[in-house]
Amino acid sequence: MRGKKQWWTAVLTAVIIVLTAAMSYGNVLGWADRSVADLLNQKPSRVNKNIFIIGVDDKTLEEYGSITAWGRGLSAELVNRLNEFPDARPAVIGFDIIYSEEGDEAGDKTFAEACGRAGNVVTVSTAVFKEKPVTDENGRVTYNPYHVDYMINPYAELAGNVDTGFANTTVDNDGYVRQAMIWADYDGKREYSFASRIYMKYQETLGLDAAFPKTYGLGNQFYFSYSGNPGAYTAVSMADVLDGRVDPRIFKDGIVLVGAYAVGMQDSYKPAIMHNGEMYGVEIHANIIQALMEGKTQLPVSGAVYAVLTGLLCGAFFLLTHKDKIRWSTVVLVGILVGNVIFVKVMYQSRYVIPVLLLPAVFAVIYVGQLVQGYIAERLRRRHVVSVFKQYVAPQVVDVISKDKDFKMVLGGENRHVAVLFIDIRGFTTMSESLEPEQVVEILNEYLDLTTKAVFHQQGTVDKFIGDAVMAVFNAPLDLDDYCFRAVSAAWEMKQNADILTAKFEERFGTPIAFGIGVNCGNAVVGNIGCDFRMDYTAIGDTVNTAARLESNAKSGQILISEQLYEAVKDRVAVTPIGEIPLKGKSKGVFVYQVDSLMGKE
C-alpha cells in the first residue's frame with residue numbers, strides 16, 4: 001500500500017514538472033503576466049536632460065495649419081534655426097516625420113540642402129514587414145514576421161543628405177509598447193531603427209562607439225525600461241522655436257526629436273510604464289534612446305532553461321508540501337511569493353525579463369490542490385472508518401472516531417485494559433435441526449439485533465458474530481468511562497430482553513430459546529489483525545479466552561462474571577458466588593459469580 005502511494009506521488013510530481021515546464025515555455029499567462037511585470041519593473045526615473053522634444057502641437061497647427069499643407073521650407077527653417085549658433089548646435093536632430101513623397105520642388109530642395117549643411121539630421125523611414133517562411137539549420141520551416149518586404153524612404157534628394165532609420169513601433173499583442181528593434185536586414189544590408197540611428201550619431205559626436213545590447217528573436221528585439229511618463233521630457237512647441245520665443249542654444253549638444261505632439265495627429269501608443277493612458281510616439285523614441293544610452297535594456301531568459309527550472313521548483317514544492325500541515329505549507333507559499341517578487345526585480349535590474357505570475361500561480365494551484373486533496377482524503381478516511389466501525393461500534397463511538405484526525409485503520413494493535421462479553425444461544429444446534437432454515441435465520445436475526453442494541457446502548461463494540469455467539473468489547477477502540485459496569489449492564493439488558501424474546505419464539509415455533517453470558521475484564525491486545533486487503537478489528541489474549549470459557553459454563557439465562565470483574569463493580573451488582581470452577585485451557589480454576597441483579601434494577 002505504501003509503495004503504491006509513493007508511486008502515485010512520483011507520477012504526480014512528474015506530471016507537475018512536465019506541465020509547469022510546458023506552461024513556462026509557452027508563456028500561457030501572456031498579457032496578464034506582462035501587465036504585472038510592468039507594474040513591478042516599469043517605474044519612472046530621472047529623464048536625460050540632454051534629450052529634448054520639439055512638438056508639432058496644437059499651437060503649431062493653429063499657427064501654420066495642417067502638417068500636410070506645409071511646404072518643406074518650414075522644416076528647413078527649423079533646421080537652420082536650431083543650427084543658428086555653430087558653438088551651440090544640437091548633437092542630433094531627429095525628425096519623426098515621414099518625408100517620403102516629393103512636394104514643392106523648391107521647398108524640397110531647400111530642406112535637403114539645409115540638412116546637408118547641418119550634417120546632424122536623422123529622418124525616419126518605414127519598414128514594411130511581410131511574413132516569410134524561413135528554413136533553419138535543422139531543416140525546419142518557420143515563419144519570420146519581421147521580413148522586410150520593402151522600405152518607404154525619404155525622397156531621393158533628402159535621403160542623400162541625412163541619416164535615416166525606420167520608425168516602426170513594436171507593439172506587443174496586448175497593445176503595449178515594451179520592446180524595440182535595433183536593426184533589420186533588407187536588400188542585403190542592415191537598416192537601423194530610428195532610435196538606434198540617433199543613438200549611433202550621438203555617440204559619434206562624443207567620439208564613442210555605439211554599444212548596442214544583445215537582442216533576441218528574428219526581429220532583433222530587446223526589452224527596454226522607460227525613464228519617464230508622458231510629458232517627462234523637456235518639450236517645447238515647434239511654433240515657439242520658429243518664432244524665436246525659444247532660444248535654440250538651450251539644445252546645445254543635445255538630442256532634439258521633432259514629432260507629433262497633438263492628439264489629432266494620431267501618433268500615440270500605450271506605454272508599458274502606465275496602463276491608463278497613452279504616450280506620443282516621439283516620447284517613446286526618447287525613452288528608447290535613453291535606454292540605449294544608459295544600458296536600461298533587457299533580454300527574456302531562455303524559455304527552455306526557465307521551463308526546466310520552474311518545473312523542478314514546482315515539483316519540489318509539491319513534494320515539500322505533500323505531507324506537511326497546512327500552516328507550514330502556508331508559510332512556505334508566502335515565502336515563495338515574496339521571494340519571487342524580489343527575484344523578478346533583481347533579474348530585471350540585471351537586464352533579464354522573466355515571467356512573474358507563472359511560478360506563483362502554479363504554486364498556488366499546488367497549494368490549493370493539496371488543501372483539496374487533504375480534505376478529500378480526510379473525508380474518505382472518515383467514510384472508511386465509519387463504514388468499517390459502524391458495523392460493530394455504537395453510533396456515538398463511530399462519530400468520535402470519524403472526527404479523530406489521528407485515528408488510522410492500520411495493521412497492528414495495542415495493549416488495553418478492556419471488558420469482554422460473550423453470549424451464546426443454548427441448544428442452538430439441536431433447535432436448528434427441528435426448524436426450517438428461514439425460521440433459523442429469523443431467530444438469529446432477532447437475537448443478534450437484541451444483543452447488538454444492548455452493546456451499542458452501553459457504547460461497546462461488537463467484535464464479531466461467531467455463528468450464534470456474539471463477542472463484545474468495552475473500552476476499545478476509544479477510552480470508555482466505567483466500562484466494566486457498562487459490560488455487566490449490557491449483559492443484564494440482554495438477559496431482560498431475552499426473556500421476552502424466548503416467550504415470543506416458544507409461542508411461534510414451539511421451541512424455547514435460552515442464552516448463556518460470560519463477562520471478564522483485563523488486559524488484551526486490541527487492534528486490526530489480518531492483512532492489507534482483509535483485516536478485522538478484534539481483541540485477543542487470555543482475558544478474551546476467559547470470558548469465552550465463562551460463557552460456555554453459563555447455564556440458560558445465567559450471567560457469569562470473573563472475580564476480577566466483580567471487584568470492579570461489586571458496589572453496584574447483586575451476585576451469588578458460584579465458587580472456583582475449572583476452565584478449559586487454564587491450569588488454575590477461576591472464582592466465578594452469578595449476577596442476580598443490578599442495584600436499582602430487577
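These legends describe close-up views of a predicted model.

**View 1. Helix H7 is largely enclosed by the rest of the structure.** Helix H7 covers residues 194–205. Its twelve residues reach 17 Å from first C-alpha to last, close to the 16 Å expected. Nine of the twelve are buried, so the helix is largely enclosed. Among the buried residues are Phe194, Ile198, Tyr199 and Tyr202. Arg197 and Lys201 are also buried. Just after H7, Gly207 takes a positive phi of about 75 degrees.

**View 2. Three strands form an open, mixed sheet.** The strand order is S8-S15-S16. Strands S8 (176–177) and S16 (279–280) stand at the edges, each with a single partner strand, so one side of each is left without a neighbour in the sheet. S8 pairs with S15 (residues 268–271) in the parallel sense, over two bridges. Val177 stands opposite Pro271 in S15.

**View 3. Four residues form a nonpolar surface patch.** The patch consists of Val334, Val338, Ile342 and Val346. Together they have about 340 Å² of accessible area. Val346 lies in helix H11 (residues 326–349). Val346 is partly exposed, at 43% relative accessible area. In an α-helix, with 3.6 residues a turn, residues three or four places apart point the same way.

**View 4. Arg416 forms a salt bridge with Asp479.** The closest N and O atoms are 2.4 Å apart. Arg416 lies in strand S19 (residues 412–426), and Asp479 in the loop between strand S21 (469–474) and helix H16 (483–509), so the pair ties together parts that are 63 residues apart in sequence. Arg416 is buried, with a relative accessible area of 11%. Asp479 is exposed, at 66%.

**View 5. Arg572 and Asp482 link distant parts of the chain.** Their salt bridge has its closest N and O atoms 2.6 Å apart. Arg572 sits in the loop between helix H18 (563–569) and strand S25 (573–581). Asp482 belongs to the loop between S21 and H16. The two residues are 90 residues apart. Arg572 is partly exposed, with a relative accessible area of 31%. Asp482 is partly exposed as well, at 35%.

**View 6. Glu567 and Lys570 meet in a salt bridge.** The N to O distance between these side chains is 3.0 Å. Glu567 is partly exposed, at 42% relative accessible area. Lys570 counts as partly exposed too, at 37%.

View 7. The model has 23 salt bridges by count.

Technical notes:
Residues numbered from 1 in each chain as written. Predicted model: local features only at pLDDT ≥ 70, side-chain atom pairs only at ≥ 80, totals over all residues. Heavy atoms only, no water. Helix = DSSP H or I, 4+ residues; strand = E, 2+ residues; numbered from the N terminus. Expected span 1.5 Å × (residues − 1). Buried < 20%, exposed > 50% of the residue type's maximum accessible area, 1.4 Å probe, protein only. Pairing = 2+ DSSP bridges. Patch = residues over 30% accessible without salt bridge, like charges linked within 9 Å, V, L, I, M, F, W, Y side chains within 5 Å. Areas by Shrake-Rupley, 256 points an atom, 1.4 Å probe, with all protein chains shown as cover.
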